[in-house]
Amino acid sequence: MSQSNVNAPAWYTASRVLIPGLLLVALVILAALVSFVWTPFDVTKLNIPAKLQTPNTTHWFGTDHFGRDIFSMIMVGARTSLAVAVLAVGIGLCVGIPLGLTAASMQGSLLDEIIMRGNDLVFAFPALLIAIMITAVFGPGAVNAIIAIGIFNIPVFARLTRGSALSLWQRDFVLAARVSGKGATRISIEHILPNITNLLIVQGTIQFSLGILAEAGLSYVGLGAQPPTPSWGRMLAESQTLITLAPHLALFPGFAIILTVLGLNLTGDGLRDLSDPRIRRR
Amino acid sequence: MLRYILKRALSLVLSLVVASILIFVTIEIVPGDPASYMLGLNAQPDTIENLRRELGLDKTPVARYLSWVGGLVQGDFGTSYTYRTPVADMVADRLMVSLPLALYALLLSTAIAFPVGVLAATRRGSVADWSVMGTTQLGIAIPNFWFALLLVLVFAINLRWFSAGGFPGWEAGFFAGLKALTLPAVALALPQASILSRVMRSSLLDTLDEDYIRTARAKGLSRRQALWRHALRNAMIPVLTILGLQFSFLLAGAIIIENVFFLPGLGRLVFQAITQRDLIVVESVVMLLVFAVVLITFLVDVAYALVDPRLRQQA
């Protein structure tokens, strides 16, 4: 790395990945929001005469085997992807943070041990396996995909929270709070949590992007959102049977997934560099 | 050291027991009776009752759990509801596809990531480094099943170098089998290789900054010698962790990739079993995969303790 970059302000190096990342994410969110009020074509309407068109001026990304507009379907599919991934991160945060804070405040106790072993256990189940089991029991669906990815997220946040909270408990300001008579719960919420928010946001962005990939994978194998709800993963699955006839069907949903995940990863990298200038050289 | 291994082994067994209970209870909630499902709507009540007895469904849940786990320990995975054949045989057949696929992909991703990571780290800030970082950023964002579709489009449909799917079986010869697994393995390996290259690079950058590297250079070793003798060995520890973690992702990924290429592996078996409500198969395959993941974690932990004695004190 050249010398000028080492001396550049943190926001400058960080912004080189943060801004493109945020722009991509904003684009996808915008597409999802706009799709609620407007899409170029109605995605629920079949138009067989217009089937399997390659990209043209009317249908920017072409049409599928039912004559539905791919561009519109991708806009609506963004809703599914974003909703599943956001809610799954929400589950991870809401369950993982309290678990991690509790474990850290009672370090070495039986409860700490149980929480940590429980984390290890859940970690042994890849999200796909959880989804397979939930589907075997309750049938496939977007909600089950959310639960499966959400459960997978819990130990990630619990471990991160506990690990970073443990070092904070050694700090003087926490000691001061204890001396002033605050209980473990209050200290965890008022002093520990605000100090690990940065880390949690960065990890949240990473889990968000993993969630988008996981959702796509689950709907690809038929364990995610069911028809008629459009989803990028299922569009890819449907494109597979037509891949010799209409290869463009397989391209655009893939690009949508890649741009979303890339945007989130760049945002995460940028945020991490901002919150920890020491690693910005890397 | 022995004490450490015993302690880890105990926690391994404990997690397997808890995992098996979790899996059993989850599948137990499934509404509907497998026996009546298998026999269809018009079955006589006493036929159903006979089948229930034959499958052991008339026993209490605890008794069934114990006989399931007891069987697993002895390599008996029960009998498939749909095919009436031992699940262990079905699983063994499928493993002959899934396991080679996961290992092939692991090998590929390591073979790519190692030189790429070293190149990027030793030439930090160069064009090579920037292109590695850019490509890997993209590689992480690409869903492997989509990449698999592209591979099929290019190498199977247009160039006709490979078949678009299916598996001839190892009886058709080692290389025929390997050829059928090549596109799936490449698709699986791409995101893993991207992650691994980045870990390799940053881990090596960390060790190259260490004092002992400066010492090694000061005592007269060339950059290359210091890299090979000191930096690489120390940089391998984080890389090993990620490799261990990746194995579980590879197994899960293999399940999806098998569907792209119509490979008769564990993944296809599980999805068929779900649609046919052959729950004993789902139960056993999930348990087997969890066992694989837990075992790998255990082996990585032990490998660490062998390399780094300090870790033996902690756990």
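**Note on the predicted two-chain model**

1. Chain A has ten helices and zero strands. Along the sequence the pattern reads α-α-α-α-α-α-α-α-α-α. The model is a predicted one. The C-alpha trace of chain A spans about 75 × 55 × 35 Å along its principal axes.

2. Start with helix packing in chain A. Two packed helices are described by the angle between their axes and the distance between the axes. For α3(A), residues 70-105, and α6(A), the axes come within 5 Å and cross at roughly 35°. The crossing is right-handed. Its contact residues divide into 24 nonpolar, seven polar and one charged.

3. Helix α6(A), residues 142-169, also meets α5(A), residues 127-138. Here the axes come within 8 Å, and the crossing angle is roughly 145°. This crossing, too, is right-handed. From α5(A), the contact uses A:Ala127, A:Ile130, A:Ala131, A:Ile134 and A:Phe138. From α6(A), A:Asn144, A:Ile147, A:Ala148, A:Ile151 and A:Phe152 take part. By class, that gives nine nonpolar residues, one polar and no charged ones.

4. Side chains of opposite charge can pair when their charged atoms come close. The side chains of A:Arg162 and A:Asp112 form such a bridge, at 2.8 Å from N to O. A:Arg162 lies in α6 of chain A and A:Asp112 in α4 of chain A, so the pair ties together parts that are 50 residues apart in sequence. Over all chains, the structure holds twelve salt bridges.

5. Next, the interface. The size of an interface is often given as the accessible area lost when the parts come together. Between chain A and chain B, the buried area is about 3,900 Å². Carbon and sulfur atoms give 79% of that area. The contact takes 39 residues from chain A and 51 residues from chain B.

6. One salt bridge is counted between chain A and chain B. It joins the side chains of B:Arg198 and A:Asp269, with an N to O distance of 3.9 Å. The cut-off for a salt bridge is 4 Å. Three residue pairs are in polar contact between the chains, with both residues at pLDDT 80 or more.

7. Which helices of chain A each supply at least two residues of the side that touches chain B? They are α4 (110-123), α5, α8 (184-220), α9 (232-240) and α10 (248-275). The largest share, eleven residues, comes from α10(A). By class, the side of chain A that touches chain B has 29 nonpolar, six polar and four charged residues.

8. Two backbone features deserve a look. Most residues other than glycine have a negative phi, and most peptide bonds are trans. The peptide bond from A:Pro227 to A:Pro228 is cis, with omega near 5°. A:Pro228 sits in the loop between α8 and α9 of chain A.

9. B:Arg160 is not a glycine, yet its phi is positive, at about 60°. Where is B:Arg160 placed? It is in the loop between α7 (144-158) and α8 (174-208) of chain B.

Methods:
Residues are numbered from 1 along each chain as its sequence is written. Chains are lettered from A and ligands numbered from 1 in the order in which they are written. This is a predicted model: local features need pLDDT of at least 70, side-chain atom pairs count only at pLDDT 80 or more; totals for chains, interfaces and linings use all residues. Side-chain values use heavy atoms; hydrogens and water are left out. Axes are lines fitted to C-alpha atoms, for helices over the stretch in contact, and angles run from 0 to 180 degrees between N-to-C directions. Helices (H or I, at least four residues) and strands (E, at least two) are DSSP runs, numbered from the N terminus. A crossing is left-handed if the near helix is turned anticlockwise from the far one by less than a right angle, and right-handed if clockwise. Contact means heavy atoms within 4.5 Å. Ala, Val, Leu, Ile, Met, Phe, Trp, Tyr, Cys and Pro count as nonpolar, Asp, Glu, Lys and Arg as charged, and the others, Gly among them, as polar. Buried area is the accessible area (1.4 Å probe) that two parts lose on being put together, summed over both. A polar contact is a pair of N or O atoms within 3.5 Å; within protein, one must be able to donate a hydrogen and the other to accept it, and residues adjacent in sequence count only if both atoms are side-chain atoms.
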